[in-house]
Amino acid sequence: MDRRAALIDRCSVTERLEADGGLILRPWDADDVDAVLAAFTDEDLWRQSVESVDTPDAAAAWLTARARHWEAGSGYAWAITSRAGVVLGNAEVTSVDHRHGTGWVSYWTTRPARGRGVATAGCRAVSEWALRELGLFRLELGHRVNNPASCRVALRAGYRPEGVQRKKLRYGEARYDVEMHARLATDRRRLSS
């Protein structure tokens with residue numbers, strides 16, 4: 001078995017990650033259609049989504065795409081849940097490039113979970129997992145400069161700012177600058193909350 005196949009096999013048995021605040025991260029599954037659909041009724045999420053997630057079939061397709069990325073070894077997405085199993089958000093590492101040891105981290109939370117440290121805990125847990133289990137060296141993420149909450153998540157999860165990409169994203173007719181952050185395997189493991 002080559003290194004990539006062994007890595008995918010090892011990652012496929014990861015059932016859950018424990019995160020700060022008593023949160024649990026687990027792979028998404030087909031039973032999460034309602035939770036995904038509910039999350040994407042929030043304008044902040046659906047406006048930024050690449051695909052429309054506005055029907056049960058669309059939510060199922062969103063979940064299927066994450067499962068396919070997991071199977072291919074190109075992305076790993078987790079539902080961030082409370083101990084009671086309530087879905088509070090998503091944290092994932094995608095665009096995994098094993099040759100260069102890089103990945104792209106993203107996160108979102110449901111509206112009721114915002115401001116409670118859920119995104120920070122999820123981002124931290126997924127990042128530490130990707131550096132440790134996938135053996136990645138560099139993780140990147142970006143946020144609109146008009147989203148200071150996402151910037152705080154990145155900083156608290158150990159990501160350092162690296163610059164601004166001008167007018168990178170477009171939502172409707174508006175274009176937005178994106179601040180880029182990165183975390184290296186050699187960076188200090190955790191910053192304070």
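The model is predicted: local features need pLDDT of at least 70, side-chain atom pairs count only at pLDDT 80 or more, and totals for chains, interfaces and linings use all residues. Residues are numbered from 1 along each chain as its sequence is written, and side-chain values use heavy atoms, with hydrogens and water left out.

Val93 and Leu25 have the most contacts inside the largest nonpolar core, which has 32 residues. Such a core is a set of buried Ala, Val, Leu, Ile, Met, Phe, Trp, Tyr and Cys residues joined through side-chain atoms within 4.5 Å. Buried means under 20% relative accessible area, exposed over 50%, partly exposed in between (1.4 Å probe, protein chains only). Elements that each supply at least two residues include strand E4 (87-97) and helix H5 (118-133). H5 gives the most, nine residues. Helices (H or I, at least four residues) and strands (E, at least two) are DSSP runs, numbered from the N terminus. A second, separate core of 15 residues includes Trp28, Ala39, Phe40 and Ala77.

Now the charged pairs. There are 15 salt bridges, each a side-chain nitrogen of Lys or Arg within 4 Å of a carboxyl oxygen of Asp or Glu. Asp44 pairs with Arg114 (3.6 Å, N to O). Asp44 sits in helix H3 (residues 43-46), Arg114 in the loop between E5 and H5, 70 residues apart.

Arg183 is buried, and so is Glu128.
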